[in-house]
Amino acid sequence: MPSMIQISGLVKRFGTTEALKGLSFEVPKGQVVGFLGPNGAGKTTTMRILAGYSTPTSGTAKVGGIDVMQDTVGARRLIGYLPESNPLYEEMMVLDFLRFTAEVREVGADVRTARIKRAVERCGLGKVLGKDINQLSKGYRQRVGLAQALLHEPELLILDEPTSGLDPNQIVEIRSLIKELGTEKTVILSTHILSEVQSTCSRVLIINEGKLVADDAPERLQNSQGSSVSLVLASRSGGRLDPAALKATLATVPGVTGVDGAEGEGDGTFGFRLRFGNEDPRRSLFEAAVKNDWVLLSLERTQVSLEDTFRKLTGVEKPAAVVETKKEAA
Ligand SMILES: Nc1ncnc2c1ncn2[C@@H]1O[C@H](COP(=O)(O)OP(=O)(O)OP(=O)(O)O)[C@@H](O)[C@H]1O
Ligand SMILES: [Mg+2]
């Protein structure tokens, strides 16, 4: 499949800050990709370069085979871009703004009305066409931002946090719109809502400190970190169980790759968290319990969340502190 996006060795420095440290990835035509990373990871920087609004210190970015730096106008014809802050002409009426944008994007006069109508329908703007943009709620502003990105029917949509600041109902609506758009276009969207990626994207790119740290399908990213089983045991005969011996026995159960031992509860029960890889060890655990005369008080499989994976890969132990730093820098 031909690549819609080709980013190669992208480096971007702002003074002494190296926002991108040699970022490379490709996105084939038709894919819907989630672009994740903690605050300051370099998502917006990458998207701005890709959309031709910023130049990299070194490296290349191509859209549909066109080098964005060499032929910015040509590349932009293929791109619909929703910037992070979604800057709009505040004083303009929604309809006038869309007309103006269509003209700037060189949408032919003959199809302009039809294109505006389609974008308005898709983004649910019918009721606010006559309003000034500065009267709109955040959700409607976001819809206008999306509509302006669609007017020239681009092949690639670059959406920088399309659902940020929206209420849960609006999030669901915008998400389903993006999903629908994803059936006919290539989409790269950045977000901090990890469930959004699971529901909308077939692939996830995670960046941290300007470098790619993961590139996989959302479900595979979840599973790559392994799953776990929690279990609580007691002795069937009422005798005392030795936690160290229990732990050692559990470690030998087929499928189990690690045992995190809990202390006894004082009531003769012991809780453990067992890690496992591809093979679900629950059946073997039951058999081990029978063989060793344990009572299985509970046996529960817990799925590692995408959040866990994200935190592990990006090492964000104190998200609040990261947000603080970003605010100071802004
Ligand atoms: N115009 C600029 N001048 C100086 N530094 C900048 C500029 N734009 C971005 N940076 C820095 O580059 C780094 C990457 O920023 P970027 O906005 O790309 O992050 P992000 O992943 O989009 O974060 P967020 O999730 O907060 O939107 C940060 O350290 C940021 O402070
Ligand atoms: Mg950003």
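Axes are lines fitted to C-alpha atoms, for helices over the stretch in contact, and angles run from 0 to 180 degrees between N-to-C directions. Helices (H or I, at least four residues) and strands (E, at least two) are DSSP runs, numbered from the N terminus. This is a predicted model, in which local features need pLDDT of at least 70 and side-chain atom pairs count only at pLDDT 80 or more, while totals for chains, interfaces and linings use all residues. Residues are numbered from 1 along each chain as its sequence is written, and chains are lettered from A and ligands numbered from 1 in the order in which they are written.

The protein averages a pLDDT (the predictor's confidence in each residue, from 0 to 100) of 88, and 92% of the residues score at least 70. Over residues 317-330, however, pLDDT stays under 50, and for this stretch the model has eight contacts beyond four places in sequence, where a contact means that the C-beta atoms of two residues, placed from the backbone, lie within 7 Å.

Two packed helices are described by the angle between their axes and the distance between the axes. The table gives these values for two pairs.

| Helix pair | Angle between axes | Distance between axes |
|---|---|---|
| H3 (residues 94-104) and H4 (residues 109-122) | roughly 125° | within 10 Å |
| H3 and H5 (residues 138-150) | about 25° | 9 Å |

H3 is therefore roughly parallel to H5, whereas H3 and H4 are oblique to each other; angles under 35 degrees count as roughly parallel, over 145 as roughly antiparallel, 65 to 115 as roughly perpendicular and the rest as oblique. On the H4 side, the contact is made by Leu98, Arg99 and Ala102 of H3 together with Arg112, Arg115, Ile116 and Ala119 of H4, and these residues divide into four nonpolar, no polar and three charged. Here Ala, Val, Leu, Ile, Met, Phe, Trp, Tyr, Cys and Pro count as nonpolar, Asp, Glu, Lys and Arg as charged, and the others, Gly among them, as polar. Towards H5, Val94, Phe97, Leu98 and Thr101 in H3 meet Val144, Ala147 and Gln148, a contact with five nonpolar, two polar and no charged residues.

Which residues are closest to ligand 1? They are Phe14, Ala19, Lys43, Thr44 and Thr45, within a shell of 13 residues, each with its C-beta atom, placed from the backbone, within 6 Å of the ligand. The shell divides into four nonpolar, seven polar and two charged residues, and its largest share, three residues, comes from H1.
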